[in-house]
Amino acid sequence: MFAGSVALVLLALAGAALFLSSLLGGSDTSTAAPLTVPSTSAATSTSVSATRSKCEETSSPTVTTGDGAGDTKSVAGVVLAFQHAYYVARDTKKIEPLLAQDTTIADLEALQAGIDSVERATTHCLRIVSDGDGAASVELTETAPDDAQTVIKQRVTTTRESGEVRIVSIEETS
């Protein structure tokens, strides 16, 4: 019984060593294009999670988390709506009504190309910290179908038009 246990442990270690050596060494013959992040944001870190986690929805006066449909009633609501249109609806026609008249997001064709470059079934989760002056710091966690995660940090500036909150700009932050 002891010898069988030792053999099983050695077999598992050999498999793990083979797996790690294939990841760390050898030639890379992959020609797949890297994931393109929209030009309005910057990827700050990438890791692989063992399991896909549910995006928890919470709300306080200054911090909102989640991946819901959002609205145009608040800064957090319009950020949620923008990202929902990006990752779920995958359509700039849903984004356009969320933009202010003087928005810096003018090239909707480029934005659609960014949406199209994100693999279908990629999910997102947001942490939005409103500053009270119509702006928010946003941490967007994008999870690809293979569970690879990319964290994108943004600064979103908004304005109020016709009683609705609309996006003026989305800028990358560090």
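## The β5–β6 hairpin

Strands β5 and β6 form a hairpin in this predicted model, with four residues between them. In that turn, Asp-147 has a positive phi of about 75°. The two strands, β5 at residues 135-143 and β6 at residues 148-161, run antiparallel and are joined by nine bridges. Strands here are DSSP runs of E with at least two residues, numbered from the N terminus, and two strands pair if DSSP finds at least two bridges between them.

## On to β7

β6 also pairs with β7 (residues 164-172), again in the antiparallel sense, over eight bridges. This hairpin has two residues between its strands, and Ser-162 in the turn has a positive phi of about 50°. Gln-154 stands opposite Glu-172 in β7.

## The whole protein

Stepping back, the protein has four helices and seven strands, in the order α-β-β-β-α-α-α-β-β-β-β from the N terminus. Helices are DSSP runs of H or I with at least four residues.

Of the 174 residues, 39% are buried, meaning under 20% relative accessible area with a 1.4 Å probe, counting protein chains only. The protein exposes about 10500 Å², with 56% supplied by carbon and sulfur atoms; this area comes from the Shrake-Rupley method with a 1.4 Å probe. Among contacts (heavy atoms within 4.5 Å) with a separation of 6 or more, 52% link residues 24 or more positions apart.

## Reading the numbers

Residues are numbered from 1 along each chain as its sequence is written, and side-chain values use heavy atoms, leaving out hydrogens and water. Because the model is predicted, local features need pLDDT of at least 70 and side-chain atom pairs count only at pLDDT 80 or more, while totals for chains, interfaces and linings use all residues.

Note on methods:
Buried means under 20% relative accessible area, exposed over 50%, partly exposed in between (1.4 Å probe, protein chains only).
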